[in-house]
Amino acid sequence: MDWQLILESFWPLLLGGLKGTIPLTLASFALGLVIALGIALLRLSPNRVLSWIGRAYVSIIRGTPLLVQLFVIFYGLPSIGVTLDPWPSAIIAFSINVGGYAAEIIRAAILSVPKGQWEAGYTIGMSNATTLRRIILPQAARVSVPPLSNTFISLVKDTSLASMILVTEMFREAQRIATFTSEFMTIYIEAALIYWMFCTVLSAAQDRIERRLDHYVAH
């Protein structure tokens, strides 16, 4: 194994992760959560049309590969006159994908809050929207943290697909170095280890957050 190559490529790969992978993950996840909340509320709506729209969205997103979604946005939209740069295309695709998966997590979390909490809000004169915002969502947030954290960690790995639409992130950097050096096995294993390192740190942060939430709920 070429240790000199590993040392020389480590920082370019790490910087590719810090400047590309992590920002892409954060931006996509944040926007995805906004989409997910909207879709979750549609799913919970008593209006059958709105509920059907929410179900259809979740079904389409969860029933199609993320790579296909990326290609539709980056390579497909130009055929109807909509051309996007690689970064916006990736963020949109990942956000839409996160929205489909996280919507079910948020919906389940909202449903886990006892109905008496809704009634308590109504009793003190709160509207449905205010009860949702001030009473239900804070409780649902604590329940949804573990599965949403898992979704975030999975997204870190999924961003490697952005290299297929020319986004400069860690795996794209790994491809560049591997092509230049012809040491594909070494560079790709090194990239995999850096992904693993990122996910290990995030998993530790997730455990810490969950312990704090458990302590908060217990008291």
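Q: Which residues line the largest pocket?
A: Happy to start there, and do keep in mind that this is a predicted model. The lining of the largest pocket is made up of Leu 41, Leu 44, Ser 45, Pro 46, Ile 110, Leu 111, Val 113, Lys 115, Trp 118, Asn 128 and Leu 132. The elements giving two or more residues to this lining are α1 (3–44), α4, α5 (115–123) and α6 (128–158). The volume of the largest pocket is about 280 Å³.

Q: What elements does the protein have overall?
A: There are 8 helices and 0 strands, and from the N terminus the order reads α-α-α-α-α-α-α-α. Along the principal axes, the C-alpha atoms fill a box of roughly 70 × 50 × 25 Å.

Q: Now the packing of two helices: how should I read the angle between α3 and α4?
A: Angles of 65 to 115 degrees count as roughly perpendicular and those over 145 as roughly antiparallel. Here the axes of α3 (residues 66–76) and α4 (residues 86–112) cross at roughly 135° and come within 9 Å. The two helices are therefore oblique to each other. Their crossing is right-handed.

Q: Which residues make the contact between them?
A: From α3 come Leu 66, Gln 69, Leu 70, Ile 73 and Phe 74. From α4 come Pro 86, Ser 89, Ala 90, Ile 92, Ala 93, Phe 94, Ile 96 and Asn 97.

Q: And what classes do these contact residues fall into?
A: The contact of α3 with α4 has 10 nonpolar and 3 polar residues, and no charged ones.

Technical notes. Residues numbered from 1 in each chain as written. Predicted model: local features only at pLDDT ≥ 70, side-chain atom pairs only at ≥ 80, totals over all residues. Heavy atoms only, no water. Axes fitted to C-alpha atoms, helices over the stretch in contact; angles between N-to-C directions. Helix = DSSP H or I, 4+ residues; strand = E, 2+ residues; numbered from the N terminus. Parallel < 35°, antiparallel > 145°, perpendicular 65-115°, else oblique. Left-handed = near helix turned anticlockwise from the far one by under 90°. Contact = heavy atoms within 4.5 Å. Nonpolar A, V, L, I, M, F, W, Y, C, P; charged D, E, K, R; others polar. 1 Å grid on protein atoms, 1.4 Å probe; cavity = no way out; pocket = protein on both sides within 12 Å on 5 of 7 lines; lining within 4 Å. Points joined across faces, edges and corners; volume = space filled by probe spheres on them.
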